[in-house]
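Here are a few notes from going through the model with you in mind. Have the structure open while you read.

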Amino acid sequence: IQETHLPNSLSLLSVDSQTLQKQIDELSTFSDSPAPSVTRILYSDMDVLARRYVKNLMGLAGLSVREDAVGNIFGRWEGYEPEIGAVATGSHIDAIPYSGKYDGVVGVLGAIEAINVLKRSGFKPKKSLEVIMFTSEEPTRFGISCLGSRLLAGSEELAKALRNTVDNQNTSFFDAASFAGYEKDEEKLSSVFLDKGIYSAFIELHIEQGPILEKEGISIGVVTAIAAPASIKVDFEGNGGHAGAVLMPDRNDAGLAAAELALAVEKHVLESGSVDTVGTIGIMDLHPRAINSIPSKAHLEIDTRDIEESRRNIVIEKIHQSAMAISKKRGVKLSEFQIVNQDPPALSDSSVIKAMELAASELNLTYKKMISRAYHDSLFMARISPMGMIFIPCYKGYSHKPEEFASLDDMANGVKVLASTLAKLSLH
Ligand code: GLV
Ligand code: MN
Ligand code: MN
Ligand code: MN
């Protein structure tokens, strides 16, 4: 990829970061929790309003907007060789409970701004450019992460599982989707699948969600790989009973089984001996949740990840062994041990990496190659397209909490690198 492929004006890429910030702030008001936190759950009223906001911005940028059956949103700028696979970029705008306003959003609104930047510079795409807003990167509502991109990448397994998927209010996936104006017919889900080769590249801009770039004073992270995520749902069931009257030897406390499994998860993760292995029990619900009632049911959700898939799989196997052993020892029933997803890692494509590196150097920005420990829609886009990711620093590495913050300058740098990378790959 030659520098000479680009119009000279690209070195003068000007990002309207004030407007971008204003849009990020506006989008953050579509939230079910008070500012500064953001909570935006798939197919909720707030999600529908936020989607409308994004579609409007895509329209204002001159993109032609299409939505698929689950609400992945595509904004296309037709190139002068539209039959070649488009170069796509995008991220998500759903937000986990009490999180911040930058996760995902920078990669959607920043992508639309990258298109605006290219338009202002006079750029004409050869391959079409496309901005994608993915449905439900976060697993909050239906327990499945990267729902939209997983389906785009052709996951038959997910399409099948969604037929029996309900949220914690017992609302089915398809009822929720049709509430938001999307598909209610489960037979139509395969229409979401995209063919391999439909995109010649996919690039996602995202805040780092970790502290490295800020700490090292580096402007841009060029992501070379995304760690392998997995999640597990576990249910224990005991007899419950009166907290005073049932004596300790006569109990089979589902809550204590859950507590013991939680500590076992930590132990197995630490046993891997690598700092790259992580495990989290972010959900632990007890039933009937009364101080004077022995928990008769406990529900845990476990997230475990590693940059090495086999090491992560060993942890999953050990967690399963522990769950069975704890169930036996405590006389509680292990009524569910469901591995919801056990995804392999993804590698960025070398030509996309090169384009991102060249873009950063031409813009005189410091960059470093790094791994993404968080997962992203890019993990799944990599299955159907050459993939790359651009990270920007965020305050103290904070993410998934209200204190999440990225500066105007860092966002502007990210948008510039994205715009330049899109341009290079479009002309390539
Ligand atoms: C994405 O939100 C993740 O949990 O990595
Ligand atoms: Mn997130
Ligand atoms: Mn994200
Ligand atoms: Mn369950």
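1. Start with the pairing of β9 and β14. Strand β9 covers residues 228–237 and pairs with β14 in the antiparallel sense, over 8 bridges. If you want a spot to look at, Ile232 sits opposite Ile339 in β14. Keep in mind that this is a predicted model.

2. Now zoom out to the sheet. It is an open one with 4 strands in the order β11-β13-β9-β14, and the pairing is antiparallel. β11 (278–287) and β14 (333–342) are the edge strands; each has a single partner, so one side of each has no neighbour in the sheet. From one strand to the next, the twist averages 15°.

3. Next, what lies across the sheet? Helix α8 (residues 254–271) does, lying across β9, β11 and β13. For β13 (297–306), the helix runs at about 10° to the strand.

4. On to a helix pair. Helix α10 (residues 350–362) packs with helix α12 (residues 408–427) at an angle of about 125°, and their axes are 9 Å apart. That angle is why α10 counts as oblique to α12. The crossing of α10 past α12 is right-handed.

5. Which residues meet there? From α10 come Ala355, Met356, Leu358, Ala359, Ala360 and Glu362, and they meet Val417, Ser420, Thr421, Lys424 and Leu425 in α12. Sorted by class, the contact of α10 with α12 has 7 nonpolar, 2 polar and 2 charged residues.

Technical notes. Residues numbered from 1 in each chain as written. Chains lettered and ligands numbered in written order. Predicted model: local features only at pLDDT ≥ 70, side-chain atom pairs only at ≥ 80, totals over all residues. Pairing = 2+ DSSP bridges. Helix = DSSP H or I, 4+ residues; strand = E, 2+ residues; numbered from the N terminus. Axes fitted to C-alpha atoms, helices over the stretch in contact; angles between N-to-C directions. Contact = placed C-beta atoms within 7 Å. Parallel < 35°, antiparallel > 145°, perpendicular 65-115°, else oblique. Left-handed = near helix turned anticlockwise from the far one by under 90°. Nonpolar A, V, L, I, M, F, W, Y, C, P; charged D, E, K, R; others polar.
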